[in-house]
Amino acid sequence: MTWYSPLENENHKEYRNEFLDLEDDWKKAKSQMKDYWPAQGPRWDGIAMVRGKDGRKGLLLVEAKAHVKEMRSKIKATDSQSVDLIERTIRETKAGFGSESLMHTWLNQYYQLSNRLAYLYILNEKMKIPTWLALVNFVDDESLGKETSLDQWLDHYQEVFADMNIKFDSSSLLNRLVTIFPKGLKG
């Protein structure tokens, strides 16, 4: 595995779509991304390149949270073309995950998770770049003044996936979604 972001020697920069410039094999995908998502794209907490047994390069995208309240989010795009593109891609992503929930849930309750799932979908299904999404959820992290126990995280994810109506037998992409629960910061 080659870790790209965040790195101390790059001031802990968190990449957006420019992560596709990191490997020659992915540069074509960056120009194709405009068909699915606005130019900047989401900011990733971590990005790594992984290599399969066949030598093919893939991506590990990381989203990290210290508290369940961080999971609630709404779409912030205001440009009508950007909103239309995001909605079209989220609608396609929802279908890929077998979801029949309202778009409102994906766009106005769990937007950040929605766009992470959309990237998982786009990169794997459209651009054929093997990609995994790691959701890192810090347990008992005191950095925000509120701790979230492992049981609270697990209950929360059950609620989120139920609200989003993600069917666990609907997509092989769920095999590329990893939830991790490391111990958080104390004091």
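**Pocket and cavity**

Modeller: Helix α4 gives the largest share of the lining of the largest pocket, four residues. This is a predicted model: local features need pLDDT of at least 70, side-chain atom pairs count only at pLDDT 80 or more, and totals for chains, interfaces and linings use all residues. Residues are numbered from 1 along each chain as its sequence is written, and side-chain values use heavy atoms, with hydrogens and water left out.

Colleague: What is a pocket, and what is a cavity?

Modeller: Both are sets of points on a 1 Å grid over the protein atoms alone. In a cavity, a 1.4 Å probe fits but cannot get out. A pocket is open, with protein on both sides within 12 Å along at least five of seven lines. Lining residues have an atom within 4 Å of a point.

Colleague: What volume does the largest pocket have?

Modeller: About 520 Å³. Volume is the space filled by probe spheres set on the points, which are joined across faces, edges and corners.

Colleague: Which residues lie nearest its centre?

Modeller: Of 20 lining residues, Arg-16, Pro-42, Lys-76, Tyr-111 and Asn-115 do. Helices are DSSP runs (H or I, at least four residues), as are strands (E, at least two), numbered from the N terminus.

Colleague: How many cavities of 30 Å³ or more are there?

Modeller: One. The largest cavity has a volume of about 80 Å³. Its lining includes Glu-63, Met-71 and Tyr-157. β3 (57-65), α4 (111-126) and β4 (131-137) each supply at least two lining residues.
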